[in-house]
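Hello,

Here is the structure I promised to pass on. My notes follow below it.

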Amino acid sequence: MKIVLIGAGSAMFGLGALGDIFKSKVLEGCEVALVDINHVALGEVEKVAKAYISDNGLQYTISATTERKEALKGADFVLISIEIGDRYELWEMDWHLPQQFGIKQVYGENGGPGGIFHSLRIIPPILDICSDVMDICPDALVMNLSNPMTNIMTAVVRKYPDINIVGLCHEVSSLVIHLPKILGIPFEELHIRAGGLNHFSCLLDATYRKDGSNAMPEILEKGIPYFEGTLERGLFMYIIKYFGKIPITTDSHFSEYIHWAQEVADHVGVMDFYTNYKKECLGHQVDMYNRVKSGTLPEEYWRVVPIIEGILTNDGHEELAVNILNKGYISALPEDTIVEVPGTVDGKGIQGTDVNDVMPLGFSSLLCNRIGVLRVCAEAAIQKSRELALQALLVDTTNNSILQTERLLDEVISQQKEYLGYLK
């Protein structure tokens with residue numbers, strides 16, 4: 001069994017994923033190939049991993065290389081977690097430059113104009129990775145952890161329709177944290193279904209396992225006072241009020257997809273979240289050995305290994321959220337959409353769960369507003385088209401200015417020429 005980690009020079013990803021793999025009995029003895037373009041960072045992760053294997057008497061084979069094609073030979077699973085350039089410098093540019101041009105986006109990572117710029121930087125290298133996968137190990141399961149998740153995945157499946165790929169995000173874990181506090185019972189006593197698009201998903205249904213009764217009325221009744229007054233719950237509370245569903249994420253993410261979000265989002269909370277998130281991520285770059293040894297792992301990777309194990313053992317377990325091609329799971333959305341729904345994992349791979357019986361018309365209509373920009377943004381990257389990039393910005397419902405959009409695009413391309421200069 002061979003697992004390839006692309007972007008493994010990141011301590012948060014590389015050591016986090018290795019920590020999970022090293023704890024797995026099913027994967028014991030497998031080969032793990034570490035890949036990164038930064039040979040110095042890659043070498044540090046390799047050194048820590050090999051020392052940990054030696055110190056604990058584990059039976060794993062570790063290799064590290066900057067040559068991706070070599071690493072992909074014989075791969076069964078390919079994990080991708082990459083960023084382009086200085087992540088935070090570019091993120092802040094994505095966020096604040098549109099605001100300078102009068103465009104009222106709340107955040108700027110995955111949706112809105114900032115999310116489009118982020119997508120246009122990262123989609124091309126991920127398409128290159130997927131091209132190599134299709135040439136070298138076409139039967140491998142690709143597991144994408146990179147953002148903007150839906151934009152990336154949309155481009156990949158449009159370019160490579162036969163690729164075996166799933167997108168994984170940890171946001172749904174918020175339900176595991178909050179629902180037991182709201183209801184006063186262990187999470188294991190609930191069965192839930194959440195669905196939508198990545199970072200734009202809601203808790204749609206919840207039942208008590210003991211008798212199958214509906215838990216949603218009690219969750220809403222107790223959840224409203226529970227969430228009121230907490231950080232990043234401005235837009236969040238309006239979604240509950242007007243759509244009757246609970247977002248699985250907070251204002252920083254959810255507000256990136258709604259045109260009226262700027263008016264009600266908790267901007268102070270969003271800024272606090274970003275500042276703390278940046279510090280936390282940068283903090284993961286130090287004290288790497290202790291990070292593996294302690295078993296304290298970043299939430300992003302907590303489902304990767306269980307999914308691999310589920311495929312290898314054909315265990316049929318359910319995942320709370322997977323990002324996969326829509327096969328009628330949300331009928332309001334086209335079949336070429338990447339949706340985030342629950343999924344069943346077995347020897348055949350990952351199959352999505354139908355959520356149509358609990359998907360309300362209003363929320364599904366908000367989701368429908370995203371489809372055009374996903375398609376146009378993906379094609380802009382695939383065709384290397386400035387014209388399509390401009391149209392993606394104009395199609396995005398969070399963009400409130402037509403007169404400033406082209407000026408903004410040209411300014412961002414100018415400042416990020418190394419990454420966006422391919423747009424002609």
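This is a predicted model: local features need pLDDT of at least 70, side-chain atom pairs count only at pLDDT 80 or more; totals for chains, interfaces and linings use all residues.

Strand β9 covers residues 246–247, and its pairing with β8 is antiparallel, over two bridges.

β8 has another partner, β7. Strand β7 spans residues 190–197 and runs antiparallel to β8, with eight bridges joining them. One of the pairs is H191 with T207, the latter in β8. The two strands form a hairpin with two residues between them. H199 in that hairpin takes a positive phi near 65°.

How many residues of β8 are buried? Nine of the nine, across residues 200–208. The strand is therefore largely enclosed by the rest of the structure. If you look at side-chain directions, keep one rule in mind: in a regular strand the side chains alternate between the two faces of the sheet.

Helix α7 runs over residues 173–183. Its buried residues are S173, S174, L175, L179, P180, I182 and L183. They pack against β7, β8 and α8. Just after α7 comes G184, which takes a positive phi of about 75°.

Now the helix pairs. Two packed helices are described by the angle between their axes and the distance between the axes.

α8 and α9:
- Helix α8 is residues 216–227, and helix α9 is residues 234–243. Their axes come within 11 Å and cross at roughly 160°.
- The cut-off for roughly antiparallel is over 145 degrees, so α8 is roughly antiparallel to α9.
- The crossing of α8 and α9 is left-handed.
- L220, I224 and F227 of α8 make the contact with F236, M237 and I240 of α9.
- The contact of α8 with α9 has six nonpolar residues, no polar and no charged ones.

α16 and α17:
- Helix α16 is residues 371–383, and helix α17 is residues 386–395. Their axes come within 8 Å and cross at roughly 165°.
- α16 and α17 are therefore roughly antiparallel to each other as well.
- α16 passes α17 in a left-handed crossing.
- On the α16 side, the contact residues are G372, V373, V376, C377, E379, A380 and Q383. They meet L388, A389, Q391, A392 and V395 of α17.
- By class, the contact of α16 with α17 has eight nonpolar, three polar and one charged residue.

Last, two single residues to check.

L325 sits in strand β10, residues 317–325. Is L325 buried or partly exposed? L325 counts as partly exposed, because its relative accessibility is 33%. Leaving out residues up to four places away in sequence, L325 touches V157, E335, D336, T337 and I338. V268 is 57 residues from L325 along the chain, and their C-alpha atoms are separated by 35 Å.

G328 lies in the loop between β10 and β11. G328 has a relative accessible area of 25%, so it is partly exposed.

Over to you.

Best wishes

Conventions:
Residues are numbered from 1 along each chain as its sequence is written. Side-chain values use heavy atoms; hydrogens and water are left out. Axes are lines fitted to C-alpha atoms, for helices over the stretch in contact, and angles run from 0 to 180 degrees between N-to-C directions. Helices (H or I, at least four residues) and strands (E, at least two) are DSSP runs, numbered from the N terminus. Angles under 35 degrees count as roughly parallel, over 145 as roughly antiparallel, 65 to 115 as roughly perpendicular and the rest as oblique. A crossing is left-handed if the near helix is turned anticlockwise from the far one by less than a right angle, and right-handed if clockwise. Contact means heavy atoms within 4.5 Å. Ala, Val, Leu, Ile, Met, Phe, Trp, Tyr, Cys and Pro count as nonpolar, Asp, Glu, Lys and Arg as charged, and the others, Gly among them, as polar. Buried means under 20% relative accessible area, exposed over 50%, partly exposed in between (1.4 Å probe, protein chains only). Two strands pair if DSSP finds at least two bridges between them.
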